[in-house]
Amino acid sequence: MILQALASYHQRSSDKKTSDKLAQLGWISKLIDFAIVIDRTGRFVTVDDLRETKDGKHAGKLTFVPNIGKQAQKHTNSGKDANLLWDDVRFILGRKAKGKTTMEAFCRTVEEFFPTGQTQVDAG
């Protein structure tokens, strides 16, 4: 049974019609509503609305994003398990409950993968 499922997955992932819909190793497919665009220096440029309208309702766009751990499936309640380069408003902008903790976790995650020594957090 498991071998059949693996063979089926391999066949789908090598099929040019479906391979662009399957996440590669280290990535996961998630619905993303907005993208914060920054320039090369990290300065804010704009916010892109990625939502698509279906049946009169807005829904996020299915997007491949980095999968660095179990938090990509479900966050713990600690507020310290941020995703890399994507997450909800609590982590990205430090809004809602545990805002400063979650934003610091997001910045630490980015710094861990892209070390610069210049990450600063000001949750206001």
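Tutor: Start with lysine 96, which counts as exposed because its relative accessibility is 67%. This is a predicted model, and the values below are computed from it. Lysine 96 sits in the loop that runs between helix H2 (89-92) and H3. Setting aside neighbours within four places in sequence, lysine 96 is in contact with Val89 and Arg90.

Side chains of opposite charge can pair when their charged atoms come close. By the rule used here, the count comes to three salt bridges. One of them joins arginine 90 to aspartate 88, with the closest N and O atoms 3.3 Å apart. Arginine 90 has a relative accessible area of 22%, so it is classed as partly exposed. Aspartate 88 is also partly exposed, at 30%.

Another salt bridge pairs arginine 51 with aspartate 49, and there the closest N and O atoms are 2.8 Å apart. Arginine 51 has a relative accessible area of 30% and is therefore partly exposed. Aspartate 49 is partly exposed as well, with a value of 43%.

The remaining pair belongs to helix H3. The side chains of glutamate 104 and lysine 100 meet in a salt bridge at 3.6 Å, N to O. These two residues are four apart in helix H3, so about one helical turn separates glutamate 104 from lysine 100. Glutamate 104 is partly exposed, with a relative accessible area of 27%. Lysine 100 counts as exposed because its relative accessibility is 51%, and the cut-off for that class is over 50%.

Helix H3 covers residues 99-113, and threonine 109 lies within it. Threonine 109 has a relative accessible area of 10%, so it is buried; the class requires a value under 20%. The side chain of threonine 109 reaches the backbone oxygen of alanine 105 at 2.9 Å. Not counting residues up to four places away in sequence, threonine 109 touches Ile68, Ala82, Asn83 and Leu84.

How values were computed:
Residues are numbered from 1 along each chain as its sequence is written. This is a predicted model: local features need pLDDT of at least 70, side-chain atom pairs count only at pLDDT 80 or more; totals for chains, interfaces and linings use all residues. Side-chain values use heavy atoms; hydrogens and water are left out. Buried means under 20% relative accessible area, exposed over 50%, partly exposed in between (1.4 Å probe, protein chains only). A polar contact is a pair of N or O atoms within 3.5 Å; within protein, one must be able to donate a hydrogen and the other to accept it, and residues adjacent in sequence count only if both atoms are side-chain atoms. Contact means heavy atoms within 4.5 Å. A salt bridge is a side-chain nitrogen of Lys or Arg within 4 Å of a carboxyl oxygen of Asp or Glu.
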